[in-house]
Each structure stands twice: as structure tokens, then as C-alpha cells.
Amino acid sequence: MKIIYHCFGGSHSSVTAAAIHLGLIEKHRPPSMEELMSLPYFDKTTNQDFGSIRFMGVDEFNNEIYVLGKKSMSDRFSNILMGIAEMLGSADQVLVINAMDRVNLSMKLGGFTSRRVGIPSLGRPVVARGTARAFFQLVNLVEITRLKALHNAEHETGDLV
Amino acid sequence: MKVIFIGTTGVHHALVAANLLVGQGDDGRYSSLRGFADTGIESSGKPFLVSDDGRGNQVYSLGVGKDLGLAERAMGQFINILGFESSDIMVKKVPIKGDKLMLLLIALANIGWLKTISNFLAERLIKWQLRDIKQCVQQVKI
């Protein structure tokens with residue numbers, strides 16, 4: 001199964017969610033700024049990365065995990081991608097997850113300052129603090145996603161049997 | 001082969017392009033096309049099937065909002081990730097002058113008494129930009 005976490009820039013909440021999913025960061029405590037900065041793509045994207053689906057890794061159930069920045073397209077983007085998957089008969093192989101609703105004001109302000117304004121020294125500490133505050137909400141999103149993936153996989157196996 | 005025409009909205013110029021590809025809508029009465037300015041189709045966010053020739057060729061229209069380039073790139077990569085190739089499915093964007101106005105017009109079409117005006121303006125805009133729409137259609141072969 002392919003799991004795509006998406007948010008505004010594909011740089012903070014979606015990357016953190018994907019990292020939690022892949023076990024790149026521990027999920028029982030919020031990560032430090034150094035841990036966040038060591039994640040691939042975290043606060044490192046540019047304008048050219050908008051719309052690029054970037055591979056983050058494979059989880060223990062062989063699900064491929066991706067991240068995507070889709071600007072302000074909100075849940076519409078999930079519908080678009082799922083609509084295409086349905087059209088291609090692959091809807092049961094994909095989960096498209098919007099991480100934006102777990103984003104707090106600090107993440108938005110810090111992310112904007114770091115990525116859009118281009119002052120990472122100012123924005124990074126703010127976005128890191130915001131990410132730490134939103135961390136358990138992102139863990140919750142990932143747990144729900146993992147359950148959905150497991151459910152889909154069981155359903156698929158059941159169909160085959 | 002599947003072809004998806006994407007526009008700021010999927011029920012105006014992208015829908016006209018999809019219809020022109022399959023030889024419909026030549027009479028210029030675009031507002032009478034199936035799905036034209038349909039707010040239900042637009043808000044679903046899913047590709048709208050315009051034509052299916054029964055031999056595996058299907059033509060769709062889809063509204064993706066104001067950033068066509070972003071949507072085209074993401075959709076192209078998504079299709080590759082799912083294991084399909086350009087011979088299976090093609091995403092063609094339909095950029096026209098004033099296409100962001102279509103977003104406003106579809107919002108207006110949600111308000112009952114403004115729907116007629118909205119449809120009229122959308123049709124006028126499409127006729128004004130028909131050459132660009134036809135150029136997009138000509139670049140697609142199924």
C-alpha cells in the first residue's frame with residue numbers, strides 16, 4: 001500500500017507524521033529540534049517541491065510512505081488523488097492523509113518565516129516548538145492511518161482468499 | 001487510454017475540452033453540456049467521466065483549483081507511483097486567460113438566483129478563449 005501524508009509545504013507536519021509512521025522518531029515523547037532537523041525534508045523544502053510526492057521510506061508492513069506539499073488545496077487534494085486512484089482501480093492500494101488539521105499556529109508562523117520569508121534562524125525554533133506541541137496529535141493521526149492501512153490490507157487478503 | 005483534462009474548475013473550460021476531444025459541443029452551446037457548471041460535480045473533487053467509448057478510452061474533466069502546475073505535477077507522480085505509465089493515462093492541463101475567474105463563477109453558481117448569470121459569463125469566457133482550449137485538445141491523441 002502507498003500512504004501519502006500531505007500538508008501545505010510538505011515540510012513540517014507531513015514529514016513529522018511520516019517520520020512517526022516509519023519509526024524515525026520515538027512516539028512516546030516529542031522530538032528535540034536536533035531530531036526534527038535530522039529528518040529528511042524537515043524544513044528543507046523549496047518552492048520547486050510543491051506538488052512533488054517525495055518518498056520517505058517503507059514501514060514494517062511494506063507500506064510505502066510519501067510526503068507531499070499541496071499549498072492551500074486542503075482536503076480537496078485528498079479527493080482528487082483518491083478519485084484518480086478509483087479511476088485506475090487502485091483505491092484499495094492508497095491512503096491519502098491530510099496532516100493540515102493537526103497544525104497549530106506556531107507551526108504555521110514558524111514554517112512561513114523559515115520557508116517563505118527565508119529566515120530559518122528565526123522560523124525554525126518556532127516551528128520546532130509548534131511541532132513538539134502538535135506531536136501527540138500527529139501520533140494520533142498516524143495511529144489512525146496505520147489502523148486504516150491494516151484494515152485495508154486485511155480486507156484485500158480476505159478478498160483474495 | 002484515459003485522458004483527464006484539468007482546469008481551475010472541472011465543469012467549465014476543462015469540461016468543454018473533454019467534450020471537444022470526443023466530438024461533442026461543436027455547436028457552441030456549451031452551457032447545455034452534461035455537467036456544465038454543476039456545483040455537485042465540482043465539489044466532489046473527483047474526475048468527471050465525459051465519455052467512454054467502450055474500448056478502454058475514457059475522457060474525464062477535473063477541477064483542481066488555481067495552481068494547475070502543482071496539480072499536474074502531483075497527479076503525474078501519483079500515477080507513476082501507482083504503477084501506471086503515460087500510455088495508460090494522460091493528464092492535460094487547460095490553462096486559459098481568466099481561468100481563475102471560473103472559481104468565482106462556480107462559487108456564484110451555488111447561489112440559486114446567480115446561477116444563470118454565472119453560467120452565461122462562464123460560457124462567454126469559454127467562447128472568448130476557445131482557440132486556447134482547442135489547442136490543448138489538439139495536443140491530445142487517443
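Predicted model: local features only at pLDDT ≥ 70, side-chain atom pairs only at ≥ 80, totals over all residues.
Let's start with the interface. Here, 26 residues of chain B are in contact with 26 residues of chain A. Together the two chains bury about 2,200 Å², and 69% of that is on carbon and sulfur atoms.

Now for the polar side of things. Between chain B and chain A there are 7 residue pairs in polar contact, counting pairs with both residues at pLDDT 80 or more. The elements of chain B that give two or more residues to this side are β1, α2, β3 and α3, and α3(B) gives the most, with 9 residues. By class, the side of chain B that touches chain A has 15 nonpolar, 6 polar and 5 charged residues.

There are also 3 salt bridges between the chains. One of them joins Lys71(A) to Asp67(B), with the closest N and O atoms 3.0 Å apart. Hold on to that pair, please: Lys71(A) and Asp67(B) are also among the residues that line the second largest pocket. That pocket has about 180 Å³ of space, and its lining has 2 nonpolar, 2 polar and 4 charged residues.

Finally, the largest pocket has a volume of about 320 Å³. Of its 18 lining residues, those closest to the centre include Phe8(A), His12(A) and Phe112(A). Helix α4 of chain A, residues 105–117, gives the most to this lining, with 6 residues.

Notes. Residues numbered from 1 in each chain as written. Chains lettered and ligands numbered in written order. Heavy atoms only, no water. 1 Å grid on protein atoms, 1.4 Å probe; cavity = no way out; pocket = protein on both sides within 12 Å on 5 of 7 lines; lining within 4 Å. Points joined across faces, edges and corners; volume = space filled by probe spheres on them. Helix = DSSP H or I, 4+ residues; strand = E, 2+ residues; numbered from the N terminus. Nonpolar A, V, L, I, M, F, W, Y, C, P; charged D, E, K, R; others polar. Contact = heavy atoms within 4.5 Å. Buried area = accessible area lost by both parts, 1.4 Å probe. Salt bridge = Lys/Arg side-chain N within 4 Å of Asp/Glu carboxyl O. Polar contact = N/O pair within 3.5 Å; in protein donor to acceptor, adjacent residues only side chain to side chain.
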